[in-house]
Amino acid sequence: MSKEIEAVQNNEFHRGSSEQMERDFSHIAGHYFYLAEDLPERKETSEREPSYYEKGHDKRLIETTYQARRAVKGDVTLLALRLHFTDDILHSIEMAAHPADPDQSTLRFMVDEFYTLFKPVDGEPIRAAEIEKVNEHIREIQQSLIAPPPPSSQTLLTAAQYKRPSTTDLVRAAGHKEEMVARANAVAAQAEERMKFLQDGQKEIEKQSRVLVNFYQEKASAAIATVGDQIAFAKDLTEGLTSLSLYTGDSVNVHKIVEGQSADPSIPLHLYQDRLYFDEELAAEGIIGGFDFSHVGKLDQIFSRNFRVIDRMIPAERGCVLVRVRRENKNYGSDGASAIAEALMNLENQTTYLLVRDGENVYIVYSEITTDQAHHLFPSMSDIDRIFRYSGREIRPEHLDYSKARDMFERNTVFYKRMLLLLWGLSDRENLFGDFYNKEAHGNWYSEEFQSKHLVYVYDAEGTLTVQRPSFSEWVREQNSKIQIGSRLAVNWRALVNSSSAPDCYSNRPDHNNKYYRQFPPVDAFGVALVDKNNKDRLVVRTQAHGWGRSPSKKVEKTVSVDVELGLYEDSIACVCLDDIEIEDLNYYLESRKERQSYLSYFELFKMIRAQITTEEEEQATTRTKLLKDLLHGVADEVKAKTSLKTAVRLWRAQNGGRLLGDKRWSKDDHETVLNIAFALSGAQNDLMDRLKKTHPDLSVIEIRIDGKGQFWVYSEPTEADRREASAKIAVVHVNRERLKVSKRNVSVATPRSRVYLTNPLFNVDDRSDKRRNAYFNPVREETVIGDSSLIAKWADLKLPEAPTIEDLSAMARLAQIDAKEALEKLDVDAVAQQVWEQICKPNKDKMVPTVSMVQPLAVVNVKIEQREAYYVLGLSANALNALYLKGERGKQLSTCIVNNIYRSPEERLKRLQEVESRDRSAYDFTLIKMDSAKAVLKTLPVIASRDFTSINVHMKNYNIMSSSHGAIYETLEEAVFKALNGYRDEQRSQIEYLWFNEANRAFAKEHFEAIKDKPDLMYMN
């Protein structure tokens, strides 16, 4: 914070600082000063960093104005409480609020304001007069409260006011009923007025009593303020003696835990800024989550067995670092009665030590004054910046709260000076760091010369020692984005299995807490599994689970499928994809100080992965060496050969379900396949694209790839015929993928051809949807052999929302091409009735009668709102029975027949028939069918069960779901669609694009909208 210090030392706002040196400030604190005129609020200007939500996310500082002090009324006498100095120059004066002020927070004035606005006065007689005035006001209120009410009070009857009227009195007064009521109302009003008067008086007495308390509290504050200098002197003296005890060792405990050779005298003392944690540092040594304060006495055994831990904690041969026992509390499994004991044990786990290394000598130092309160061995820049910032704004010398920030800065400086004094004493008394400097020539550790020559400050808390790698969570997300069919996953089964991902492991009935308990837990805690897909096209892994079945005496073991996406949604590190993991990555995250903060959640899984990969590498070493030797016969560059072989092995293993090189099934063909892949990836076949262009000049080749079988694939741009297809009107994002046949003399393209994305969509758990086809990701591992960089850049990132296949787009286009009006007019009633009956009678696990709809597509709608994009099929939808009933006498007969066969109860039949008969042409409402349902709708058009497709209803009126009011009717179909997609937001309509494949459908949609917009919307009918 050098700029703040320089600003104070060179400050221009402290004009007359030399005059301050001549002034006597002893007459200020504890004395009274008079302010004659009203003082407006003080506003100050500073700069702050922009918040995350501010537009543009501009990193430039924003100028801000804020209230530094509230307004003060004039003609008032105030007490000066304390003085605030900056570098022995008076900066500001803090004054108490007037005792009668409702806001009793203190007031600060800059020194120039104070000398300009305030005049010293004798405050005692002024305060005595003000106190007497308050007492007099209280006495007046008390007198008014005990005074009798005015004689104008009325009586209801002739009897005395305090006497309850008898029945005789009431009978006598029966002729004066109206007069009685009027007098009763008048008496009640007077009573209420009197009660309010008494309550207001009581509140005023309480208010004035609080003011009196403030006056007497001010007297005590004045007395304390007059002796403030003496108190500060005594405090400074006490703190000085405390600091001296650190040097003399009166409050310092030192224990030697490892003994050996001292470091070379030329090595300076390295001070490591960041605070470490024993449980995290020792996790790599097998003490997983178990290290606590009771193990501190065993550190000599741990460090003696493996000195590598010391090398990791203190890399320099001479250095020291702060180490706390644990970062987080340890669960000791105590019951409620032992909760206090557990809390006390965890308090011991928060103890911080100073770990010292001198070559092979290791010491542990404890001091309650310094080590136990320190977050860093020396302050970081963020620690200092934080002091001179408040609510994001910078505090500068011209600000009222600058002196407070400077006081805090000085206190922090004293604390870290004590840390250095502790080290100084350890060196002079114990020679704890060895002979690394001449004590006669350099006796002062505070001197700049000593620190520059013999101390090295290592800013590891600010990232100077960290490797620029993605965070642990980002790295796991990156690895898991490569999950597809055939991937190998390292799984923490107890984390991946939950009631959503593996319902077969859970009971069918909830317990008394309405939770489903895990009836069949996984047999293994950890394991490696292959990704497959189930009959719903979901990516799953399979494991063995066991538990008690229906018979309580027999344990059941069964194979269960676990949905990968739903498991990761609950726990993002429940599994890690092994397809592209290197042992170096695992070692980094196992040993990284920064990434070990949450080690308990992943350490066991990672140790299993590392052991698995290490074992696999050992088993494959012989075969890999032979492959490399053979490859070097055709590839001269050894580095390139090793890199290409590494990729080739990964491709081959992924293609073959994780098989190991040289396993029992290893054959000569496998050997040749891996060599061919590595040979192609080394650049030896970069002429393939030129050869292909000669034989297929009309092919616009993007790139050529090779897979794990050694098969080449060519990716090319869509042809003119592809661009003329109906799906191209929606979007052209898919390229052509064809098999490439390669021989010594010729290259050719083989059929069949497929349309795919150039880059497959990544597995993304955040985009969870029950309808999403995450198994679409092709089970293909390919690496580029040669490609056109410009075309790759053009096509690589082209995607559509939810990654539809070319079949999805074609289905949407085919739906939108149908002439809706003609299709409805020529509807085959008997065929439709047969479809409706089949869909209704189709077995379903819920054993409920499904809702069956009649759907008629109209157009494709492309929606772009708030950086998201989606495609829908705009169409008409109606309940199939309602729609069938509208198709003449034959339709009525068939729909009535179906209703009579479905519903057994006469009441239910009658109710359903009345519903069917109540609809006219408005039976068909507008709907938006989601893109992932297009193929299902096309398959059974025009009849489809509602459970088989997802859609959004389009209403004709602007209803407010928060009230029962019926809004205005939309004027156009576009407005109704816009509101259906956007709710009550006001994005521009231009973000919705209509693709009319059939112009007749545009006219029919408009006609139908006008016909039904005035009809009641059954969705909101009672």
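Predicted model: local features only at pLDDT ≥ 70, side-chain atom pairs only at ≥ 80, totals over all residues.
How are α20 and α21 oriented to each other? Residues are numbered from 1 along each chain as its sequence is written, and side-chain values use heavy atoms, with hydrogens and water left out.

Back to our helices. Helices (H or I, at least four residues) and strands (E, at least two) are DSSP runs, numbered from the N terminus. Helix α20 covers residues 638–655 and helix α21 covers residues 668–684; their axes come within 8 Å and cross at roughly 130 degrees. Axes here are lines fitted to C-alpha atoms, for helices over the stretch in contact, and angles run from 0 to 180 degrees between N-to-C directions. The two helices are therefore oblique to each other. Oblique is what remains after roughly parallel (under 35 degrees), roughly antiparallel (over 145) and roughly perpendicular (65 to 115).

Who makes the contact (heavy atoms within 4.5 Å)? On α20, the residues include Leu 645, Ala 648 and Trp 652, and on α21 they include Val 674, Ile 677 and Leu 681.

Now look at what is buried, meaning under 20% relative accessible area with a 1.4 Å probe, protein chains only. In α21, the buried residues include His 671, Val 674, Ile 677 and Ala 680. Among the elements covering the buried residues of α21 are α19 (603–631), α20 and β23 (701–707).

Another buried residue is Arg 488, at 12% relative accessibility. You will find Arg 488 in strand β17 (residues 488–492). Leaving aside residues up to four places away in sequence, Arg 488 touches several residues, among them Leu 530, Asp 579, Glu 616 and Arg 653.

Let's finish with a sheet. Five strands form an open sheet in the order β6-β5-β4-β1-β7, with antiparallel pairing; strands pair if DSSP finds at least two bridges between them. At the edges stand β6 (107–110) and β7 (118–121), each with a single partner strand, so one side of each is left without a neighbour in the sheet. From one strand to the next, the twist averages 45 degrees. Helix α4 (residues 123–146) packs on this sheet, touching β1 (32–35), β4 (76–86) and β7. Strand β5 (residues 89–95) pairs with β6 over four bridges in the antiparallel sense, and Glu 94 sits opposite Arg 108 in β6.

Conventions: Contact = heavy atoms within 4.5 Å. Buried < 20%, exposed > 50% of the residue type's maximum accessible area, 1.4 Å probe, protein only.
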